[in-house]
Amino acid sequence: MGCTGFDIQPFDVSEAGLPDDVANDGGGDAIPKSYVVSTLAGTGDAGAADGPGLEATFSLPAGIAIGPDGSLYVTDIADNKIRKIAIDGTVSTYAGMGAQGLANGSCAEATFNMPCGITFDAVGNAYVADTSNNVIRKIDPTCQISTLAGSGKVGASDGLGTAASFYYPHGLTVDAAGNIYVADTSNNKIRKVDSNGNVSTFAGTGTSSYTDGPALNATFGDPMAIAADTIGTLYVGDGDDSYVRKITNGQVTTLAGGGGFGLRDGPGTFAAFNGPAGIAIDANGNLFVADSGNNAVRKISPAGVVATIAGGMLGADDGPADTASFNCPWGIAVDPNGVIYVTDSGNNKIRKITPEY
């Protein structure tokens, strides 16, 4: 999973031909002049220690979402936990005993098996892609955990609740109507789970390939990331193909990525990615992509122009965005002020990217 979960290719950043001013990206309001990267939480050591942000530890943090209380919630894969980062930066364990398992119940009693994606609905329920259990879990506002969908066995069956099956689901998103969409990675499909737990195939034939067109005729290659905008358009990070795909009105199209692996900025299909693992959308319709294999964070403007806003080098350096570095950035979230949060999974840290205007 993560940077070893799809076919990331080596790429020489010196070949990228990046523009001098990536802020001129062809769309969006109040375009930042630059960004600054800092470490919000994590010492860099692997572990599950709670406490002040820079004293806490994580083990392969993956998914990240902003909860209704403004805190960050992080799926900590190797710890089999959901961690919480409060507004004051304090890290605590929100859910999971730490042992591998598929036990429901209270947050303190429940178990997970390498959870990856996380998202929240409008009424405060959290949904978790419990990846190695092949299920979707629900955490209600009282911190009770249940299995919303999935039998726990590998498969691609549609149906109600535990009659359905998944194969290493990763990314999750929720639309305005409360429907959950799942990047069902190893099934090469996008699945839909309605509020009653009914699972259906929304897009993808199941064949690992790259084909645009009607949703149920389209193909994907290890889709990892998914995000929904306010009008229900879905954006998918197609990990093995290194495209960003768009699903709207029952049609799948390619929004960005020209095929092959690379770090190239520019319009739409001229641009190149290397294993997009996380996607988030801001209030102006800009997409932010955790481009794992490139160790970079990319932006796709509403006009479809791709720009690298931070990283592009392997490391753990904070500072100005053009000198900052990452190690397999995975999950990504953006708050109403345009501040971006990234799970830097290879560094076992949570990084913060702050815009400067």
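This is a predicted model: local features need pLDDT of at least 70, side-chain atom pairs count only at pLDDT 80 or more; totals for chains, interfaces and linings use all residues.
Residues are numbered from 1 along each chain as its sequence is written, and side-chain values use heavy atoms, with hydrogens and water left out.

Strand 25 spans residues 305-311 (strands are DSSP runs of E with at least two residues, numbered from the N terminus). Six of its seven residues are buried (under 20% relative accessible area, 1.4 Å probe, protein chains only). Strand 25 runs antiparallel to strand 24 (residues 296-300), to which five bridges join it (strands pair if DSSP finds at least two bridges between them). Within this pairing, Lys-299 has Ala-307 as its bridge partner. Four residues separate the two strands in a hairpin, and Gly-304 in the turn has a positive phi of about 90°. Strand 21 (residues 266-267) is also antiparallel to strand 25, through two bridges; here Gly-266 lies opposite Val-306.

The salt bridges number 13 (a side-chain nitrogen of Lys or Arg within 4 Å of a carboxyl oxygen of Asp or Glu). Asp-291 and Arg-298 form one, at 2.7 Å from N to O; Asp-291 is buried at 0% relative accessibility, and Arg-298 is likewise buried at 0%. In the salt bridge between Asp-344 and Arg-351, the closest N and O atoms are 2.6 Å apart.

Terms used: Buried means under 20% relative accessible area, exposed over 50%, partly exposed in between (1.4 Å probe, protein chains only).
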